[in-house]
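The exercises below can be worked through with the sequence and the coordinates at hand. Each task is followed by a solution in steps.

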Amino acid sequence: MGSVTVDYWQERKSKKLGSSRYRYRRVVERELRPTLGKGEITIALGNAKGDALVKYRQVHREVEQTLAAAWDEVRGIKKPKTARELFQETVERIKALGLNPYRPPTDDDEGGDDHHDDTRDWIERSAVAEGIAAKYPTDPETDHPIGVSAEDTRLVRMLHTTRPKIPAPTLEDAKKLYLKDRFAPNDPKPLERKKDEQRAERAVSNIAKALGSAPDEVKVASITREQARKVQEFIRGDVRSKSTVDRYLNDIRAVINHAIAEVTELHGLTNHFTGLPVLGSGRGGDTPERDKRLPFTQDELKKIRRRIETHADQPDLLLIWRMLEGTGCRLAEVTGLRVKYVVVEGDMPYVEV
């Protein structure tokens, strides 16, 4: 029976344990590395081959979406605006025309200065709408303008709306506001910015996926407690570590809390992600995260150094260990370190990880 090659599939066999672990490993194109802040994408798929293959499909689909979005960013392709952003954009266009979008025209026949102001306002709105329609060719049968742009359609519609109502904020709106305000105090470095963007994107994406929708369709105010628990279960089914589930939920809470605090329509709203059971605290038999990665003792450090000194075939290994021992970095952070990220000037040399 012939074997089937699966792209980006990697099996790692452990001689000591006699088992295999599977992961998704993909090199990031050079053009995308500044945008994604990494040279490769590595995602653990688990130990059981069958389950790993099932998870692979979802992981591959999400990675493809991530790379596609990164290419759009590199090529300068703007992301679609939300209904709330388009509404605000139309409001600004009306204001630029010298009109008040929130002042309803009236058919009231009563006299007085207010009546004349309202009539003049209505005439001005109608003149603007007719001017927009005049830019387009007309259908010879209906005499209606054809090929009207979406921007002009929204503008004309709002000109004829007595009380324009701003669309309810969605998860996508909440994410964009969160990132905008987070970056406002100080402009972060590209890698820090990208990490914050990825965390916020993952937060709203998990909610939308759990609810079978998209971030620009789920309204923040519509999320119920039952749905919040559903999101937690969805993440728990996708992530092995309970502590990681808690961390993802912390990001979700931060995005939703910020929207509640900053968006007028959401003031007083209950964040139903607050108070969900903490999974990684040690209850239910799970080991607390702080106890999973205990630091080496001084005796262990000495033994490791001696082992490397007496058994290493390559001198680089001892240098790598010295950096690991002195900095506390992870192995991949040292082996993948570039010269430009090593800063030796000044009183305190350091590396940028």
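**Exercise 1: Helix α7**

Just after α7, glycine 212 has a positive phi of about 70°. The model is predicted, with pLDDT of at least 70 required for local features and 80 or more for side-chain atom pairs, while totals for chains, interfaces and linings use all residues. Residues are numbered from 1 along each chain as its sequence is written, and side-chain values use heavy atoms, with hydrogens and water left out.

Step 1. Helices (H or I, at least four residues) and strands (E, at least two) are DSSP runs, numbered from the N terminus. The expected span of a helix is 1.5 Å times one less than its number of residues.

Step 2. Buried means under 20% relative accessible area, exposed over 50%, and partly exposed in between (1.4 Å probe, protein chains only).

Step 3. Axes are lines fitted to C-alpha atoms, for helices over the stretch in contact, and angles run from 0 to 180 degrees between N-to-C directions.

Step 4. Asn206, Ile207, Lys209 and Ala210 in α7 meet Lys230, Val231, Phe234 and Ile235 in α8. By class, the contact holds five nonpolar residues, one polar and two charged. Here Ala, Val, Leu, Ile, Met, Phe, Trp, Tyr, Cys and Pro count as nonpolar, Asp, Glu, Lys and Arg as charged, and the others, Gly among them, as polar.

**Exercise 2: Helices α6 and α9**

Task: at what angle do the axes of α6 and α9 cross, and which residues meet?

Step 1. The axes of α6 (residues 171-183) and α9 (residues 242-262) come within 9 Å and cross at roughly 85°. The two helices are therefore roughly perpendicular to each other.

Step 2. Among the residues that meet are Leu171, Leu177 and Tyr178 in α6 and Val255, Ile256 and His258 in α9. The contact divides into eight nonpolar, one polar and three charged residues.

**Exercise 3: Helix α2**

Task: where is the kink in α2 centred, and what covers the buried residues?

Step 1. Helix α2 (residues 49-74) reaches 36 Å between its first and last C-alpha, close to the 38 Å expected.

Step 2. A kink of about 25° is centred on tyrosine 56; the bend at a residue is the angle between axes fitted to the seven residues ending there and the seven starting there.

Step 3. Tyr56 is one of the buried residues of α2. The cover over these buried residues includes β1 (9-14), β2 (19-27), α1 (33-36) and β3 (40-46).

**Exercise 4: Valine 334**

Task: is valine 334 buried or exposed?

Step 1. Valine 334 lies in helix α12 (residues 331-335).

Step 2. Its relative accessible area is 9%, so valine 334 is buried.

Step 3. Leaving aside neighbours within four places in sequence, valine 334 contacts Ile320, Met323, Leu324 and Cys329.

How values were computed. Parallel < 35°, antiparallel > 145°, perpendicular 65-115°, else oblique. Contact = heavy atoms within 4.5 Å.
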